Amino acid sequence: MTDIRLEAISKHYGAVRAADSVDLAVAQGEFVTILGPSGSGKTTLLSLIAGLSQPSAGRILIGGRDVTASPPQQRNVGLVFQSYALFPHMSVFDNVAFPLRVRNTTADVVGDRVMAALELVQLHGMAQRRPAQLSGGQQQRVALARAFVFEPDILLLDEPLGALDRKLREELQVELKQLQRRLGVTTILVTHDQEEALSLSDRVMVLDGGQVQQIAAPQEAYLRPANRFVADFLGIANFIALPDGREAVVRPERIRLEASGGRDAIVAEAVYLGQIIRYHLTAGEDKFVAAAPFVGRPHAIGDHVSLTWDAADVWPVA
Ligand code: ADP
Ligand code: MG
């Protein structure tokens, strides 16, 4: 268990600034998610931390030690990439044993550790299967077991659940969170899925164009976004013009549809999302999105309503 520091890390590919003076401090045992659109530099940062590539400028410290110039094997990092395939010709057991065997671990210890790791990801009954005999979710759990079996100081996960369907992804998110808590391993997860980032992490780092937009607890980034980009990327945002010329964000679930007393609006669309309904509303030139629990009789398209919100739910953005 250890901490990670990035100090003014930059990585340039010709004219492309894949990472642009990134500062990040991840505490021991913390779970940080790097969130950003495709091409924002997420994988670049993970590769730099893992030692798979070298920064153009800046320093990387792991456990207080400057590892900027150290090769990957000196960083004791467990990695799971979306495309980091299992060895197809090896059993589940041998796949998970691999990082131990390359470290010359004795056979007894290998046996114990592999079975303990498989137990943690609930695959102990499948040690002798080949990857092709497992579902996608089971394969990702094997990849996870292989990443932490050698007791790495840090775990780096690059879109590990990206290829799975929604239900399975949500199940594995819960398992991943529980596993990380149990192991207490410092973890950085990369994703472009804002729900995944908000639900899993202690803090999120939002990235765009290789630059840090905000580092904050999920709730903080969602309700108090640092700028318009973060507000938009972390879910649906209603932007309201303030008298001083700035804009303010109000999240859909903070907007109430009432009979009077607020901003006049007309229901343009009602989208059923299971437990909640999302209303798309027009108020003169402006458009709003509101989300309400699906209880009682919902509003119909064409209904005239009045939109209200609390002053405390309005957050000005740059
Ligand atoms: P993400 O993981 O957020 O999708 P990446 O870190 O893969 O983004 O890429 C960030 C930027 O750096 C992109 O513009 C990408 O094209 C560029 N890039 C990444 N790796 C290389 C490379 N090896 N050579 C040239 N450009 C690269
Ligand atoms: Mg990537």
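## Surface and overall form

The protein chain exposes about 15300 Å², of which carbon and sulfur atoms supply 51%; accessible areas come from the Shrake-Rupley method with a 1.4 Å probe, and for residues only the protein chains shown count as cover. This is a predicted model, in which local features need pLDDT of at least 70 and side-chain atom pairs count only at pLDDT 80 or more, while totals for chains, interfaces and linings use all residues. Residues are numbered from 1 along each chain as its sequence is written, chains are lettered from A and ligands numbered from 1 in the order in which they are written, and side-chain values use heavy atoms, with hydrogens and water left out.

The chain has eight helices and 18 strands; these are DSSP runs, numbered from the N terminus, with helices (H or I) of at least four residues and strands (E) of at least two. Along its principal axes, the C-alpha trace spans about 75 × 45 × 30 Å.

## Burial and contacts

Of the 318 residues, 48% count as buried. Buried means under 20% relative accessible area, exposed over 50%, and partly exposed in between (1.4 Å probe, protein chains only). Among contacts with a separation of 6 or more, 63% come from residues 24 or more positions apart, a contact being heavy atoms within 4.5 Å.

A57 lies in strand β4 (residues 57-62). Its relative accessibility is 36%, so A57 counts as partly exposed. Leaving aside neighbours within four places in sequence, A57 is in contact with A8, I9 and S10.

## Salt bridges

The whole structure holds 19 salt bridges, each being a side-chain nitrogen of Lys or Arg within 4 Å of a carboxyl oxygen of Asp or Glu. One of them joins E7 and R59, whose closest N and O atoms are 3.1 Å apart. This pair links distant parts of the chain, since E7 is in strand β1 (residues 4-13) and R59 in strand β4, 52 residues apart. E7 counts as partly exposed because its relative accessibility is 25%; R59, at 37%, is also partly exposed.

E151 forms a salt bridge with R113, with the closest N and O atoms 4.0 Å apart. Here E151 is in the loop between α4 (136-148) and β7 (154-158), whereas R113 is in helix α3 (residues 107-120), 38 residues away. E151 has 54% relative accessibility and therefore counts as exposed, while R113 is partly exposed at 28%. R246 and D244 also meet in a salt bridge (3.1 Å, N to O). R246 is partly exposed, with a relative accessible area of 43%. Salt bridges that share partners join R5, E7, R59 and D66 into one network.
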